[in-house]
Amino acid sequence: MNVEEEVEKLKVEIQRLGSKQDDGSYKVTFGVLFHDDRCANIFEALVGTLRAAKRRKLLTYDGELLLQGVHDNVEIVLKPTPTPTPTAAV
């Protein structure tokens, strides 16, 4: 699985495990993601996938490197997907 595929799967898992916010974003803690059996089976390197998604500005979290136990309560926020604006026919 390449990085793009992993990032897309990460978005799905954050939506599955997280809670939807009023602005359309999703919040989940690192601990919930890290300890989820399904995520453990999908992601060989969860922290690396999170960093790749953060670099692509798809999600945000405090800090650079998340460590199990120490950062279990760090909130990861998946930014809302922008809705395409319809173009007016001329």
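## Lys 27 and Glu 75

Lys 27 has a relative accessible area of 30%, so this residue is partly exposed. The model is predicted. Glu 75 is also partly exposed, at 44% relative accessibility. The two side chains form a salt bridge, with an N to O distance of 3.6 Å. Lys 27 sits in strand S2 (residues 26-29) and Glu 75 in strand S4 (residues 75-78), so the contact ties together parts 48 residues apart in sequence.

## Salt bridges overall

Side chains of opposite charge can pair when their charged atoms come close. Across the whole structure, a search finds seven salt bridges.

## Arg 56 and Glu 4

Another salt bridge joins Arg 56 to Glu 4. Their closest N and O atoms are 2.8 Å apart. Glu 4 belongs to helix H1 (residues 3-17), while Arg 56 lies in the loop between helix H4 (46-55) and strand S3 (59-60); the pair therefore ties together parts 52 residues apart in sequence.

How accessible is Arg 56? Its relative accessibility is 36%, which counts as partly exposed. Glu 4, at 43%, counts as partly exposed.

Within helix H1, Glu 13 and Arg 16 are three residues apart, so about one helical turn separates them. Their side chains meet in a salt bridge at 2.6 Å, N to O.

Is Glu 13 buried or exposed? At 2% relative accessibility, Glu 13 counts as buried, because the cut-off for buried is under 20%. Arg 16 counts as partly exposed, at 36%.

The pair also belongs to a network of salt bridges. Asp 36 and Arg 38 are linked with Glu 13 and Arg 16 in this network.

Key. Residues numbered from 1 in each chain as written. Predicted model: local features only at pLDDT ≥ 70, side-chain atom pairs only at ≥ 80, totals over all residues. Heavy atoms only, no water. Salt bridge = Lys/Arg side-chain N within 4 Å of Asp/Glu carboxyl O. Helix = DSSP H or I, 4+ residues; strand = E, 2+ residues; numbered from the N terminus. Buried < 20%, exposed > 50% of the residue type's maximum accessible area, 1.4 Å probe, protein only.
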